[in-house]
Amino acid sequence: MLRIVVCVSGGGTNLQAILDAIDRGQITNTEILAVISNNAGARALTRAESRGIPGFCISPKSFSDRETFNRAFTDKVCELNPDLVVLAGFLVKIPEAMVARFSNRIINIHPSLIPSFCGVGYYGLKVHEKVLERGVRVTGATVHFVNEGMDEGPIIAQKAVSVEEEDTPESLQRRVMEQAEWILLPEAIDDIANGRIAVVNNKVRRQ
């Protein structure tokens with residue numbers, strides 16, 4: 001049984017996609033231990049509570065400095081001791097100590113086709129704003145393992161999504177979620193839970 005902790009900053013639509021996929025049997029051999037958010041008002045925590053899943057808010061605003069927050073965040077995840085940490089719309093840089101402790105055991109969903117529109121400053125709606133500014137015709141989403149860099153870890157899967165002429169950042173964000181994110185993330189979790197992928201020489205290999 002793959003024991004996962006899901007980290008979310010906002011509404012938790014990717015968390016809901018994971019919950020729904022578990023309910024439908026599309027994710028198997030998986031248990032959600034807890035949901036962590038950096039935002040006390042995140043709807044994701046309400047979604048977790050409604051399913052009887054423990055929820056924790058660990059916010060940088062509650063600590064005197066970033067180092068103290070990083071230590072508290074890492075300590076909580078280590079206490080929960082998951083097999084996999086899933087970043088499902090989590091807008092906080094993962095502490096290096098946590099990356100080292102959970103090497104190749106942290107995955108992230110990013111709303112673009114990495115290496116395009118990723119790295120520092122590219123998150124949430126900002127990604128889709130930049131896609132439209134550049135006139136890109138195809139965007140999408142990427143699931144990847146997390147390493148010390150920003151959106152630089154081994155890629156697990158990608159899915160392309162067309163950009164429409166009349167798109168706004170909000171409409172494009174919604175389409176990328178529906179057509180890519182909510183599909184890719186559950187598939188990646190199920191693949192990991194059932195031993196279908198491994199990281200070899202910093203690349204994902206399917207078993």
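Student: Where is Pro-115 found?

Tutor: Pro-115 sits in the loop between β5 (106–110) and α5 (125–134). By the way, this is a predicted model, where local features need pLDDT of at least 70, side-chain atom pairs count only at pLDDT 80 or more, and totals for chains, interfaces and linings use all residues. Residues are numbered from 1 along each chain as its sequence is written, and side-chain values use heavy atoms, with hydrogens and water left out. So, going by those DSSP runs, the spot for Pro-115 is the loop between β5 and α5.

Student: Is the peptide bond from Ile-114 to Pro-115 cis or trans?

Tutor: Most peptide bonds are trans. Here, though, omega is near 20° for the bond from Ile-114 to Pro-115, and that bond is cis.

Student: Is Phe-117 buried or exposed?

Tutor: Phe-117 is in the loop between β5 and α5, and its phi is positive, about 50°, although it is not a glycine. Buried means under 20% relative accessible area, exposed over 50%, and partly exposed in between (1.4 Å probe, protein chains only). Phe-117 has a relative accessible area of 16%, so it is buried.

Student: And what about Asn-201, buried or exposed?

Tutor: Asn-201 lies in the loop between β8 (197–200) and β9 (203–206). Its phi is positive too, about 55°, although it is not a glycine. Its relative accessible area is 73%, so Asn-201 is exposed.

Note on methods. Helix = DSSP H or I, 4+ residues; strand = E, 2+ residues; numbered from the N terminus.
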